[in-house]
Amino acid sequence: MTDKPWFRRPLAWVALAALFSNAGIVVTGVTVRLTGSGLGCPTWPKCTDGSYVPTSAYGIHGVIEFSNRMLTFAVIAVPVIALLLTWFTKPRRQSLVVLSVALFGGIFLNALVGGLTVLTNLNPWVVSAHFLPSPILVVVAYAFWVRIREGDGPVEWLGPQWMRWLSWLLIGAAALTVVVGTVVTGSGPHAGDAKAIRNGLDPAIISLVHADSGILLVGLTIAALIAFAAAKAPRKATVAVAVLFAVELLQIAIGYTQYFLHLPIVLVALHVSGAIILWIAALRPLFALRRRLDAPDTAQLEQIESQAALPRT
């Protein structure tokens with residue numbers, strides 16, 4: 001690991017670009033749905049049967065959908081740059097190469113699923129399947145960002161094991177909340193197109209399930225905040241849990257407001273954007289409980305071993 005601060009390392013900026021681009025494309029994707037532009041390009045990979053670009057027949061909806069498709073190429077370009085940098089940087093760090101490849105492969109496959117959503121006329125289950133890889137790619141991008149600032153030595157955990165278990169529970173509860181949230185969206189009015197079908201579930205009932213999963217997450221977060229403070233956990237981890245709690249409160253406020261105001265598109269967009277922020281916040285406590293220092297190279301190990309073998313005088 002280099003001694004330079006992270007902001008002087010080009011790869012660190014690429015990692016941040018990967019994190020923000022994978023989070024940002026969720027926001028542009030929900031914009032497509034909320035503006036009713038999901039079939040603004042009614043086929044795939046072409047926009048229309050006779051054109052790769054939008055035509056005047058589909059108006060602004062075609063422009064919005066086509067712009068979201070074009071953004072995918074920019075998002076794919078980021079892991080390509082990351083892969084080139086990690087491959088040619090000496091010494092080459094295998095973990096960063098693997099994470100770069102995982103980012104590229106995940107984005108490419110999700111783009112194919114995006115095409116399938118169009119070909120299935122925005123089937124709500126396929127649309128959910130298109131959304132869910134994005135949080136996974138955010139995990140990979142966040143791990144990539146963390147690994148750049150770490151060494152290559154073994155992982156050193158900074159707290160007892162129960163803290164890690166509790167952090168994993170926070171991630172699991174956050175994942176459940178996000179997954180149920182996609183099902184809620186699939187039952188609601190914002191289908192991406194007036195002719196798109198819904199998943200057939202009762203929006204009121206599935207919204208209650210979503211609220212219950214959110215309550216579970218909040219309860220676990222409060223428990224973690226109290227436990228971490230009482231056990232004098234690393235300050236970074238305690239702060240990460242506190243930030244998660246603050247994001248949850250904001251999400252609850254937006255979620256209930258949008259529900260009682262009958263899902264205005266601005267609040268729905270804010271709530272979906274907040275879900276990605278919440279997901280990143282849920283990852284941070286676990287990562288804050290670990291560190292990896294630089295591993296000594298082979299020459300250093302041989303020198304240490306040879307010195308240890310010398311007879312004492």
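Predicted model: local features only at pLDDT ≥ 70, side-chain atom pairs only at ≥ 80, totals over all residues.
1. Residues are numbered from 1 along each chain as its sequence is written, and side-chain values use heavy atoms, without hydrogens and water.

2. Helix 3 covers residues 94–119 (helices are DSSP runs of H or I, at least four residues, numbered from the N terminus). Its 26 residues reach 38 Å from first C-alpha to last, close to the 38 Å expected (1.5 Å times one less than the number of residues).

3. Buried residues of helix 3 include Leu96, Leu103, Ile107, Asn110 and Val118 (buried: under 20% relative accessible area, exposed over 50%, partly exposed in between, 1.4 Å probe, protein chains only). The buried residues of helix 3 pack against helix 1 (10–34), helix 2 (59–88), helix 4 (124–131) and helix 5 (133–148) (contact: heavy atoms within 4.5 Å).

4. Leu103 also belongs to the largest nonpolar core, of 60 residues, and is among the members touching the most others, along with Tyr142, Phe144, Trp145, Ile148 and Phe228 (a core joins buried Ala, Val, Leu, Ile, Met, Phe, Trp, Tyr and Cys through side-chain atoms within 4.5 Å). A second, separate core of five residues includes Leu39, Val118, Leu122 and Val127.

5. Leu84 lies in helix 2 and counts as partly exposed because its relative accessibility is 49%.

Definitions and conventions
Helix = DSSP H or I, 4+ residues; strand = E, 2+ residues; numbered from the N terminus.
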